[in-house]
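Thank you for joining this meeting.

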Amino acid sequence: MSDPAKSDPAKSDSLADASRLIKTTMGREPLIGEANAVAAQADRALRHCVMSDLCAGQDLFHVEPDAYGAAMARIATRTGDA
Amino acid sequence: MTEPLDWTLIEAAAAIRAGDISSAELTDLAIQRAEALQTKLNSFIALEPEAARSAAKAADEALASGRAVGPIHGVPLSHKDMYDRAGAITGCGSKIRAHEVAAHTATVIERLDEAGQIHLGRLNMSEFAMGPTGFNAHHGRASNPLDPARIAGGSSSGSGSAVGSNTIFAALGSDTGGSIRLPAACCGVVGLKPTQGRVSRFGAMPLSHSLDCVGPLARSVADAKLITRIIAGPDGRDGACLDAPPIGAEAPAVADLTVAIPDAGFFVEDLAPEVAAFLADAEAILTGAGARIVRPKLPPLDDVIELTNLIAMTEAGAIHLDTMRERPEDYGEQVRARLIQGLGVPAPVYLRAMQIKGVFLRRFLAEVLTECDAVVTPTMPMLPPVSAEVEVGASEAMTRVMVSISKFTRVFSFLGLPTLAVPGPATTGGLKPSVQIAAAPFREDITCTLGEAIERGL
């Protein structure tokens, strides 16, 4: 059976990138499944986070990353709307 | 008269208080069942019978002396192997921390101790609470008491297995993307994921600081509500634990509630027939009880499945960074491949996911939970799978399998809403489908009111 990464140059590149990232960050060679998992995660992050429209087009320029916690705290203390 | 081990938690506590059974007798029965089933179900990582018998004897003496006792006085419970008790091991279902002795006691354990629990031992779980199947490379999987060939669900697999086999009367699990509700659904019991921030996580193993919730698996909705009321409330040792109003004893009547049940789209695509049938039955029961049923117009939810995973795995990756560098071979293959996923998420993308989490909560509250009091959906699209079918290791099928099992639960994890999993009647081979009921933040009372109505209607 042929290796799909060898027949798909883009996939081969992303696996090589993932392997380099693991070596740089972890100081060791990738173990079984790791390079694949990192490459696949990078792809999903682009498709489902960077490209997401869950905020229905809202400009996120002023949204702080802890907006969720602040909203829940307001609801908990019933001092205002979420 | 049912056998003592078949009582609910509330019935067992009442029987002990009334002198109908002693804690020592009940604890002994639970130990005997745990020992008898361990080879078959593997629910426990560590069973501690002598300590439990000693605690039960002390509980009986306290009752006999007329001392005030808590609401679960003398009743045997056990919890997922991730809650610290000072001086005891918290292994997190792992090899990495298998001998780690805790310096402090988790807030939830302190509160259950004060309420009178008898601790029977540490329950099996997915390694570091990672994985909806319940597989564990070091301890073996806990099996499903309804059909041992099938998964018990994860990550609180031992909690589901031990409660579902009527060995213990309730157990703590933890829920980051579904880890209370999925084993509850697989094992035919009730599971309650409280609102994000409702219950302290001090002394609980962290997986994802933004998503982790502590809550119970139990035999009835009333039992799950009781445990949650015991463990909930502000705690200065967990900065994210909020000072919210307590869970109301006087919840709204079913007839005063509007319930959204989807009949198309994300939550009803590709359902197993048994699951679809139970969702329809739940709707009929709630309608019969006077609830107004509406069809929700839900925002697109496919991205939420991945965003939950992205946040969880990035945060987990930070928690495990040192040991993933130094002892990678001491992790199970699948857990290691999942923990490293966060390297594929640049920091700005993680922070974008957190921005979306806040905005999407406001959107969901404004667009959905202004039109209804609760949303009822299946907990899982299928009945619990046969173990061999979802044992995929670190292969490319890994993510597909995780998503197929946990896609419905992840939605309400991302939103942080209180969500209750309620089992249906036994169907094919004794397996039980499950629905989950989500409500606005801190409205666990609404989820429980509706859950109890479904229980009564079955």
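This is a predicted model: local features need pLDDT of at least 70, side-chain atom pairs count only at pLDDT 80 or more; totals for chains, interfaces and linings use all residues.

Helix α3 of chain A passes helix α12 of chain B in a left-handed crossing. A crossing is called left-handed if the near helix is turned anticlockwise from the far one by less than a right angle, and right-handed if clockwise. On the α3(A) side the contact is made by A:A45, A:C49 and A:V50, and on the α12(B) side by B:V349, B:R352 and B:A353. By class, this contact has 5 nonpolar, no polar and 1 charged residues. Here Ala, Val, Leu, Ile, Met, Phe, Trp, Tyr, Cys and Pro count as nonpolar, Asp, Glu, Lys and Arg as charged, and the others, Gly among them, as polar. Two residues are in contact if their C-beta atoms, placed from the backbone, lie within 7 Å. The axes of α3(A), residues 34–50, and α12(B), residues 347–367, come within 10 Å and cross at roughly 35 degrees. Axes are lines fitted to C-alpha atoms, for helices over the stretch in contact, and angles run from 0 to 180 degrees between N-to-C directions.

Residues are numbered from 1 along each chain as its sequence is written, and chains are lettered from A and ligands numbered from 1 in the order in which they are written. Helices (H or I, at least four residues) and strands (E, at least two) are DSSP runs, numbered from the N terminus.

The contact takes 41 residues from chain A and 46 residues from chain B. On the side of chain A that touches chain B, α2 (9–26), α3 and α4 (67–77) each supply at least two residues, and α3(A) gives the largest share, 13 residues. That side of chain A has 28 nonpolar, 10 polar and 3 charged residues. Chain A itself has 4 helices and 0 strands, and buried residues make up 32% of its 82 residues. A residue is buried if 20 or more other C-beta atoms lie within 10 Å of its own, exposed if 12 or fewer, and partly exposed in between, with C-beta atoms placed from the backbone.

Chain B has 14 helices and 11 strands, and 60% of its 458 residues count as buried. Its open sheet of 11 strands has the order β1-β3-β2-β4-β6-β5-β10-β11-β9-β7-β8, with mixed pairing. Two strands pair if DSSP finds at least two bridges between them. The edge strands are β1 (44–47) and β8 (292–294) of chain B. Strand β7(B), residues 258–260, pairs with β8(B) in the parallel sense over 3 bridges, and B:A260 has B:V294 as its bridge partner.

Finally, which backbone details deserve a look? Most residues other than glycine have a negative phi, and most peptide bonds are trans. In the loop between β3 and α5 of chain B we find B:F128, which has a positive phi of about 55 degrees although it is not a glycine. B:F128 counts as buried because it has 26 C-beta neighbours inside 10 Å. B:S155 is found in the loop between β3 and α5 of chain B, and a cis peptide bond joins B:G154 to B:S155, with omega about 15 degrees.
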